[in-house]
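Keep the viewer open as you read.

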Amino acid sequence: MTALETDSGLGVKVGAFEGSLELLLHLIQENQINIYDIPIALITQQYLETLEQMTSLKLSVAGDFLVMAATLIHIKSKMLLPVYETDEEEALEEDPRHELVARLLEYQKFKEAAGTLESYETIWRQVFVREALLATASDPSEEIFLGDVGVHDLLKALQKVIERLPNKDILTIHNDELSVRDRIGFILSLMEHEKSLLFEQLFDGIETRYGVVVTFLALLEIIRLGLIKILQVENCSALRLMSTDNLVGAG
Amino acid sequence: MEDYEIKPIIEALLFISAEPIFIDRLKEILVGVEKKQILEKLFSLQEEYTRSNRGMQIVEVAGGYQMTTRAEMAPWIRELEKIKTASRLSQPSLETLAIIAYKQPLTRAEIEAIRGVDAAGVLKTLMERRLVKIVGRKEVAGRPLIYGTTREFLLYFGLANLTALPTLKEFSEISEREAEPERDAEQEMTMVVGV
């Protein structure tokens, strides 16, 4: 049975070579050959022997091996031809093995570098670092120092927003389109995306006293339900809305 | 800030940080302290850790400084906690990564020319592990993609930066080196662990 035969020890060994350069380097090292003076007849013979054992390999892989086999045979035949040049330098330059040797050296270089990387990998897998702290991962650091906020602070903040309203004489026709319920939904959806918001941000785009009051009522309702809390870094600084676990859970 | 205050602050910052801290970041935090002074304290701290038989070490990795456990502590750490470690890189992956690390940026065809083997699968794996990324296109016919290593690459191998990679050795030097493998392995250990 051929299937069994290709599973033999030799087959396994051949399968360990990913490419022809790797196999060639292996043969050179195994025979303790000087890479700059490869006995091409010997290597070609060993290479072809190995190739014969590779019948079980996929064609795409074998293709690369066959190209190398052809290259080796080509070099071998070239070297059998008599060389007429007496100039040694020129003869060296025209060594048919030259290109192959250059490729092997280049590959060998990176194979060694890969070995070095592997040794780094081995060591660095034994080295551990701290995992990111959960608290610092989610909140900006400034919010760690926040204190609780009273109704008084809320009203002061509201006063500021009302003072900022642009023109008190705007004629409001569709003022009934804003309801407390709408504003609750709006604030909650905002809080779902942002973990924390500035108090002022709630009033972005609102230009009437009515709108401000509705939004403020909505905010009070949300606080009453315990879905968010309001915090302040220090007296008179900006108020910050933070979602509570209730909101996160409900969402 | 008093001079004696700087070192313990640096130590605390290194301890608490999950990522390597850049010198520039330390300079931002330590307002008014010169970069030279920070480096001085940092190296002194690093030296203290090395000298006094600690379980921790301070190493330069991926352009910053980080406090890590020492490699020798690994068996006990694994005893304490189950730690998930990614699987080791395969030989083809390591070879491909070495080529990219030294010759970046380069195209897939250029990688394949060196290894003599198709690189598509390996490149995909390396990109999934975020060790390699596409850094652009080469301005030649067909504008092929060019690849380079990532910050994760440095973190994975514990390298301070790309220049910390050992220089590529020529074949003859490698042969000589193989004669004294033990001494060399020791040197590599020293370099990587940053002792």
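Predicted model: local features only at pLDDT ≥ 70, side-chain atom pairs only at ≥ 80, totals over all residues.

Residues are numbered from 1 along each chain as written, chains are lettered from A in the order written, and side-chain values use heavy atoms, without hydrogens or water.

Start with the open space. The largest pocket holds about 1,200 Å³. It is lined by 36 residues, and Val127(A), Phe128(A), Val129(A), Ile83(B) and Lys84(B) are the closest to its centre. On a 1 Å grid over the protein atoms alone, a pocket is an open set of points with protein on both sides within 12 Å along at least five of seven lines; a cavity is a set where a 1.4 Å probe fits but cannot get out; lining residues have an atom within 4 Å of a point. Points are joined across faces, edges and corners, and a volume is the space filled by probe spheres set on them. In chain B, α1 (3-16), β1 (56-61), β2 (64-69), α4 (74-80) and α8 (151-157) each supply at least two lining residues. Helices (H or I, at least four residues) and strands (E, at least two) are DSSP runs numbered from the N terminus. The pocket lining divides into 20 nonpolar, five polar and eleven charged residues. Here Ala, Val, Leu, Ile, Met, Phe, Trp, Tyr, Cys and Pro count as nonpolar, Asp, Glu, Lys and Arg as charged, and the others, Gly among them, as polar.

The structure has one cavity of 30 Å³ or more. The largest cavity holds about 80 Å³. Ten residues line it, with Glu112(A), Ala113(A), Thr116(A), Thr167(B) and Lys169(B) nearest its centre. Helix α7 (residues 98-124) of chain A gives the most, four residues.

Turn to the backbone. Most residues other than glycine have a negative phi, and most peptide bonds are trans. Gln32(A) has a positive phi, near 50°. This residue sits in the loop between α3 (20-30) and α4 (40-52) of chain A. Gln32(A) is exposed, because its relative accessibility is 74% (buried is under 20%, exposed over 50%, partly exposed in between, with a 1.4 Å probe and protein chains only). Arg130(B) also has a positive phi, near 60°. Its loop runs between α7 (120-128) and β4 (132-137) of chain B. At 52%, Arg130(B) counts as exposed too. Finally, the peptide bond from Gln104(B) to Pro105(B) is cis, with omega near -5°.
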